[in-house]
Amino acid sequence: MTFTKTSIPGVFIIEPKVFGDARGYFFESFSQKEFEQHIGNINFVQDNESRSTRGVLRGLHFQRPPFAQAKLVRCIEGEVLDVAVDLRLGSPTYKQYVAVKLTGENKHQLFIPRGFAHGFVVLSETATFAYKVDNVYAPDHDGGIAWNDPEINVDWQIDEAEVKLSAKDEALKPLNETDNPFKY
Ligand SMILES: Cc1cn([C@H]2C[C@H](O)[C@@H](COP(=O)(O)OP(=O)(O)O[C@H]3O[C@@H](C)C(=O)[C@@H](O)[C@H]3O)O2)c(=O)[nH]c1=O
């Protein structure tokens, strides 16, 4: 398992070691020991999975403190562009984003600390997405910013006409109209 820093401190790309043989493959999708060595102590408390079709864009989401969540995300089947936006006030990379292709083939994962908005768009016909979070689901603390916030200006690598949003995500506002709850 390799841990690679990204342009935003605290965000890591993780590549598991995949053991292929005549039966198929095996890999460790999470190792607490490796995590502690490369990132630090983290206590994941919930695993989530979603399935979506091409153009579905879920984001850009966060939970407000005290229910902020760090996330370890991956795509089990299909291909997504995964995006993490730094919302940590005072961070040198405030309002910058990391975008990484996560696919069932490459098996890459992204670790996103607390204090980020997170989202992904599906680039394949279907995609199954799975992630661990280090805090419980708290719908009263649900928050987010608009996927197409001009100030953040994410390149989603898909035509806007193909983007499909939930009603909740349609209603999200840009960051400058949103109360940012994160302190650095
Ligand atoms: C996120 C979540 C949702 N739900 C329920 C609520 C709702 O009825 C249904 C769908 O919820 P949502 O529309 O919020 O799901 P979704 O738009 O997939 O939300 C997720 O998007 C990605 C990008 C993230 O980063 C996640 O943290 C989460 O915000 O699932 C849970 O029961 N537990 C959970 O942890």
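Two strands pair if DSSP finds at least two bridges between them. Strands are DSSP runs of E with at least two residues, helices are runs of H or I with at least four, and both are numbered from the N terminus. By these rules, strand β8 (residues 79–86) and β11 run antiparallel and are joined by seven bridges. Within this pair, Ala84 stands opposite His118 of β11.

This is a predicted model, in which local features need pLDDT of at least 70 and side-chain atom pairs count only at pLDDT 80 or more, while totals for chains, interfaces and linings use all residues. Residues are numbered from 1 along each chain as its sequence is written.

**Two sheets**

Strands of a sheet pair through backbone hydrogen bonds, either parallel or antiparallel.

Another open sheet has six strands in the order β1-β2-β10-β7-β12-β5, and its pairing is antiparallel. Here β1 (2–5) and β5 are the edge strands, each with a single partner strand, so one side of each lacks a neighbour in the sheet. Neighbouring strands are turned by 25° against each other on average, direction ignored. Four bridges hold the antiparallel pair of β1 and β2 (residues 12–15). Thr2 has Glu15 in β2 as its bridge partner.

**Around the ligand**

A residue is near a molecule or strand if its C-beta atom, placed from the backbone, lies within 6 Å of it. Which residues are around the ligand? They are Asn48, Ser50, Arg58, Gly59, His61, Lys71, His118, Gly119, Phe120, Tyr137, Ser166 and Lys168. β5 (46–53), β6 (57–63) and β11 (116–122) each give two or more residues to this shell. By class, the shell has two nonpolar, seven polar and three charged residues. Ala, Val, Leu, Ile, Met, Phe, Trp, Tyr, Cys and Pro count as nonpolar, Asp, Glu, Lys and Arg as charged, and the others, Gly among them, as polar.

The unreviewed UniProt entry lists "binding site" positions, including Arg58, Lys71, His118 and Asp142. UniProt positions follow the numbering used here, feature names are shortened, and annotations may be inferred rather than shown by experiment.

**Four residues compared**

A residue is buried if 20 or more other C-beta atoms lie within 10 Å of its own, exposed if 12 or fewer, and partly exposed in between, with C-beta atoms placed from the backbone.

| Residue | Other C-beta atoms within 10 Å | Class |
|---|---|---|
| Lys71 | 23 atoms | buried |
| Thr103 | 17 atoms | partly exposed |
| Asp142 | 13 atoms | partly exposed |
| Ala167 | 6 atoms | exposed |

Lys71 is in strand β7 (residues 71–77). Contact requires C-beta atoms, placed from the backbone, within 7 Å. Leaving out residues up to four places away in sequence, Lys71 touches Ile112, His118, Tyr131, Lys132 and Val133.

Thr103 is in strand β9 (residues 97–103). With residues up to four places away in sequence not counted, Thr103 touches Cys75, Gly78 and Glu79. Thr103 and Ser52 lie 51 residues apart in sequence and 13 Å apart in space, C-alpha to C-alpha.

Asp142 is in strand β13 (residues 142–144). Ala167 is in helix α2 (residues 167–170).

How values were computed:
Axes are lines fitted to C-alpha atoms, for helices over the stretch in contact, and angles run from 0 to 180 degrees between N-to-C directions. Two residues are in contact if their C-beta atoms, placed from the backbone, lie within 7 Å.
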